[in-house]
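Subject: Structure handover and notes on charged side chains

Dear colleague,

Please find the structure below, together with its sequence. My notes on charged side chains and their surroundings follow it.

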Amino acid sequence: MAQFKQWALQYVLSDDESAQVEIAQKAAKEIESTRASSTVVGNWAASIHQWMTLANANDEDDEMKDGDEGTSGDIISRAKALSFLAATLEFLDRTMLRPDQVLRLIGFFGSMFSYDHKAGITASAKALRRLYAMKSFKPDMGIKIIEDVCKIKEDFRLQTAATRLEIYELFLNLVQDPAVSSEFQHKYGSSCGFAVDLLELCKNERDPRNLMIWFRILATLLKDYSPSSEVTEEIFKTFSAYFPITLRASATPIGITAEDLKEALRGCFSAHQRLAALSFPFLMQKLDQGDAVTVAVKVDILKTIKACIEQYENPQNSVVPHIEKIWGSLKYEVRNGEVKETIDATLEVLRAIARKLDGSNTQKLDVSLLQGYIDIVFRDCRDDLSNPTYTKQAGLLLMTVTTTNIRGYVLYNANFIDIIRQNLRQPKSPSHIRDLLLLLNSVLKTRLDLVKNRKEGHPDDEEQLKTESRVHLETLFHDVYLPIWTGKASEAGSEEKDVLKQVVQGLALLVSQEVLTPSGDVSLLYPGSICSEICSLLTVTITKGLSLSSNDNQANDSALEDEVVVGLRSIVMNYTDGYDELVSRAKTEIAKRDWTSPSEYSLGALRDILSRLTFIGCSEIPTYTNIDAQSRKEFSPLQHFVAALHTLLELFPLSQSPTTSNVYVISSIHAAVIWFRNACEARYKEDTLAPYSTSDKNWLEEFETLPGDWLSKLHNGGISTDVALGVLQEDNPEVYRQFLRLSLFTVRQLYTSATATTQTVWSEKSLTQLAQTAALVIGSLDEKLQKSCNLAHEAFNFFRTPGSSATSDDPINSLLTVGILQGLRPGALTELYKPGGVAEQFLCNTSDSAYPSSRAGDIRAAIGTILSNKYKGGPSTSDPESLTMKRVLDFWGSWLKDSTTSAEVNADKFQTLNNVAMHIIAGAVARQDKSVTDLIPILHQAAASQHANGETVAHSLGILVKANDLLTPESHAVVRRFYKQWAYSHLVKPLYELARPTSDNSLAAARYSVIILPIVSHCPFTVYQDDLEPLVRLLVTALTSRGNVSEETAQAQVISALEILVEIILNDADALKGYVKEIVSGTTKVYQESVPKKTLAQPVPQATLTTSRKLALQVLGAMPKTFEERYTLPYAPPTQRMLVMACGDPARKVREAARSARANWAKVA
């Protein structure tokens, strides 16, 4: 006893929560150690007697006020004492207490609700919740708890929200307990007396947390109990008084949103069908208040009605009696509604009714219920379809109720479509036709979805689809769509074009319609002959551009043509023979024209039709569906892709000279590969495709066994399926492997054509497109397959076979090498890096024959970038590949050193070779090759050299960190995450001090500045943010002084400086506060000096000057927004005058920057 009293006293005196927890745990262990003997439990309960005696004494003193210090202290102490007991129960093993002990403790804590309303309620509620969790708790004890707690009566609302929360959670536990619920119903029956007490106790609740639980309690009383109609009405009155519920904004987050409260209250309305007679009239009365109801409240009402419909059971008695009233109010929300949210919520209610009256996936209801509902809607809406004002709204209502489920669709779609057809015979206007067609198309689209998802519902649904009437669907093409197309196709008005768009969509939907045979098989609704007729009808639209001239006005046709393209794609994905028909007609139209010297208009028409053909056939994977007649060839998911390749290769070359028309054909092959690869990734998911991009076979050897016209025979089904496509279904990811295989075959064929000595049709643009296609195809193969096909060797061999004709030695053909190398993975390139091998010989070649032109040098630079980056290497720098690359870097280091000291090198050749050297080093920098660090002193020395070539070296070092499409993860390049930071720390950071304008060696200082700015301009701000002080000085110098550099280099320095200033302004403008004057004057000077002079030849390209002016104005315009007015005010007048002149700049982008800058400076007083 004494020990418990001591613990109780310590608990009461302590304000440390952790100490209180420790005390409660000690008490619990003490009780557990005696197996909860009656004496120990009694002593534990009696340990707080002294504080409870004070409570009784204070209760007798009615005149003592709450603010009295003594009483306040007693209340706090008494609350802590009761908390001691509650906390002990929290840590006590729930199996310890006997039923009689639990009952006595319930009686003790329950008594607190009768007289100790100030101190005992929170702790008592916690204790009762813990006692409820005891193993010895009996269901009848729950009745006593609720009876005792309800004795608090009106003082309940005076408790804190946290205290009331404890009581609500206690109530919720009890009413949700099945055993306690049984006791309640046994004692109270339908009168639910305890529920009435709860309603009286909690009727004034306003706290959001408490309301969430209170609403759950009310919903439970309605769902799990059987209250009388009187009690049900009282419960309804209690929660409906909160509707519509809102939540006031609070500075303190409570973790509950207004939507949470709405959902909880909605759960009360939809708790049980016994509420139907109360809920629906109440909600409809709220909805019919007109303009007094906000959109948010209206949506809340509609969602609540939907929840009631979905949750109420026995719909014949709960929902059907109220349908007329619900429909009478809801139809106007759509018919006259303008707010999308309200209309959508209304339609959801109407769908919910249709679903409810249809039945569930396991049990269908009497069909008369659904028929009665749809008949009501038809009665009110069918006549509105003839009124253009209400056609859309009425159609939306009709479609909603008839297409919600398969049963409703089968029963009413024929009648619905017939009504639309009747109105289309007597339209009021083109817009009326458009709206009716839109409605008809929506019905067809919904039918597609119903057929597709037929197995998700009741088995009867599928049976109904097997026996549905289809005559009204089969006649739509000739009776509706074709006459409208024929009548409107020659009219040029925008409304007529809108009608034709709807026709196109409808035709695509017609061809896509599927029907179920009695045996359950799926086939197309329309026979192949009609599908072919539809294809022909639409094909004319996309090929007619070849027959028109630039004088024909097609401004209104582009949108229709785009719609036709999308429609044809949908058609050929289902009617697969349609794509062969389409490309055959298109090929005929293209081939009968002369493409030797076409007009710009003709080239545009060719580009459009080729791009559309590839999109239509290759952007999705076709699906096999039966048609009435046997298809001309066996279905394959790849057949459209094969047809596209076959057609394009037959068209190539369109001209025997390297014209743009040939470029468009090759670019279309590239597009076809891209579209189909994307389609595979979308269909099978990218992660799934990895195992299908590998093989241990050399696919190129398979190609050598194929006949010369292999693709034509494959297209026509004339090659063995082992070599061709095999029997594949559209859901088999093997499609992706076969796609890559065919694409590689195509690349090989085109490479051998492009490199033949007799070729005259390939231009550089064509070769670039082919190289990009090769990079895409080869890059999609895994390393194992790249090795088995020996593609690294083919990068320089161009797929020549022994005994084949010689290959053209045109250096532009090296573009094809770039394509293969770009797609290869590092592991597949290993053989090139043998000592003295292909890579080393290529990278160290500086002979004149290797660089016949600057363009050839650019291509070799690209190849050098790849080869210097993509070697696999090993854990150390002593592996053969790393040693090879070290020799290459040493070679170029020596060359740079010699070329900037004593060696005489032609200036143009030096420019070319220096560009190659920088790109080779850039590839090594991206992978942070350790050998680069030995090269850096040589680069610094070469750049600072007195030799004229030193400036070229310094200016070109920005290439080392410049973004490069060849150095990306997509190209399988080895790119370290922080390589730019690594390069900056080695190349730039040591030079800041040496680049100061006050340096003794002004030439070297200028060269070091030329190194720094281009590199920094290509680095993220975070790389150089620690060096802003010396960097800003260099930026100001670059803007204000040309220094010892050429005009071209100086202009490049200006552009780099302005680009860096833009980044600094965005990220850390405070670093520029001390240089506002210099920046304003410097940018003004840059603009003025970059204005083109009409009388003088410009040593700097016009595009460079335009870029300088635009960047200067961007920096200048940002100053007033970035700095306080006191920094910019002294410079406002001259700057504003200069900007007035700049607004007349000849370049549009510069004028835009000038207007923006002028607006910002105008705000400077």
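A residue is called buried here when its relative accessible area is under 20%, exposed when it is over 50%, and partly exposed in between. Please keep in mind throughout that this is a predicted model.

With that cut-off, Lys-713 counts as partly exposed, because its relative accessible area is 35%, and Asp-709 falls into the partly exposed class as well, with a relative accessibility of 37%. The side chains of Lys-713 and Asp-709 meet in a salt bridge, with a distance of 3.9 Å from N to O. In general, side chains of opposite charge can pair when their charged atoms come close. By the rule applied here, the count comes to 59 salt bridges, and a few of them are described below.

A buried pair is formed by Asp-358 and Arg-407, whose side chains meet in a salt bridge at 3.5 Å, N to O.

Another salt bridge joins Arg-1109 to Asp-1145, where the closest N and O atoms are 2.8 Å apart. Arg-1109 lies in helix 54 (residues 1102-1122), whereas Asp-1145 sits in the loop between helix 56 (1132-1142) and helix 57 (1148-1161), so the pair ties together parts that are 36 residues apart in sequence. Arg-1109 is buried, with a relative accessible area of 0%, and Asp-1145 is buried too, at 3% relative accessibility.

There is also a network of salt bridges, which links Glu-259, Glu-263, Arg-266 and Asp-300. Helix 14 (residues 258-269) has 12 residues and reaches 17 Å from its first C-alpha to its last, which is close to the expected 16 Å. The buried residues of helix 14 include Leu-261, Leu-265, Arg-266 and Phe-269, and its buried residues pack against helix 12 (208-224), helix 13 (229-240), helix 15 (276-287) and helix 16.

Lys-298 counts as buried because its relative accessible area is 15%, which is under the 20% cut-off.

Definitions and conventions:
Residues are numbered from 1 along each chain as its sequence is written. This is a predicted model: local features need pLDDT of at least 70, side-chain atom pairs count only at pLDDT 80 or more; totals for chains, interfaces and linings use all residues. Side-chain values use heavy atoms; hydrogens and water are left out. Buried means under 20% relative accessible area, exposed over 50%, partly exposed in between (1.4 Å probe, protein chains only). A salt bridge is a side-chain nitrogen of Lys or Arg within 4 Å of a carboxyl oxygen of Asp or Glu. Helices (H or I, at least four residues) and strands (E, at least two) are DSSP runs, numbered from the N terminus. The expected span of a helix is 1.5 Å times one less than its number of residues. Contact means heavy atoms within 4.5 Å.
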